[in-house]
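Subject: Structure for you to look at

Dear colleague,

Here is the structure I said I would pass on. My notes follow below it.

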Amino acid sequence: MNVQILLGNGDWTFRTGPTLNVATIPWGLAGGDFNGDGNVDLLVMEQTKLSLYPGAGDGSFLPPVNLVTGTFWMQVAFGDFNGDGKADVVVLDSVVNGAGGVKVLLGNGE
């Protein structure tokens with residue numbers, strides 16, 4: 001499956017950027033600086049894993065780092081949940097077979 005990146009022109013229009021190949025159908029995406037390097041990174045939530053594609057700073061992304069696996073991810077969001085100035089991630093696991101819940105991944109800025 002492919003994720004098409006659209007790069008902003010600064011005037012509310014976009015141009016086609018690189019295409020990111022992911023293993024399966026992405027269920028959720030979130031962009032932000034998750035590793036503290038000043039570049040926009042991309043979180044890709046697939047059915048049973050969450051991967052971080054570090055931004056290279058030119059609109060392209062480096063190979064993914066698999067962050068966590070789950071039983072059946074449904075939603076992903078990010079914010080500074082513990083007030084330390086670093087991006088944290090929260091994922092919602094479905095209630096398939098009674099295994100539902102919320103998982104919070106606290107960012108360390110790396």
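**Aromatic pair**

One aromatic pair turns up in a search of the whole structure (rings of Phe, Tyr and Trp, its six-membered ring, with centres within 6.5 Å; planes under 30 degrees apart are stacked, over 60 edge-to-face, the rest tilted). Phenylalanine 34 and phenylalanine 78 make this pair, edge-to-face, at 4.9 Å centre to centre and 75 degrees between the planes. Phenylalanine 34 sits in the loop between β3 (28-32) and β4 (41-45), and phenylalanine 78 in strand β7 (residues 73-79), 44 residues apart. Strands are DSSP runs (E, at least two residues), numbered from the N terminus.

The model is predicted: local features need pLDDT of at least 70 and side-chain atom pairs 80 or more, while totals for chains, interfaces and linings use all residues. Residues are numbered from 1 along each chain as its sequence is written, and side-chain values use heavy atoms, without hydrogens and water.

**Burial and strands**

Phenylalanine 34 is buried at 8% relative accessible area, whereas phenylalanine 78 is partly exposed at 38% (buried is under 20%, exposed over 50%, partly exposed in between; 1.4 Å probe, protein chains only).

In strand β8 (residues 88-93), five of the six residues are buried, so the strand is largely enclosed by the rest of the structure. Strand β9 (residues 101-105) pairs with β8 in the antiparallel sense over five bridges; pairing takes at least two DSSP bridges. Valine 89 has leucine 105 of β9 as its bridge partner.

Tryptophan 27 lies in the loop between β2 (14-21) and β3 and is partly exposed, at 39% relative accessible area.

Regards

Terms used. Helices (H or I, at least four residues) and strands (E, at least two) are DSSP runs, numbered from the N terminus.
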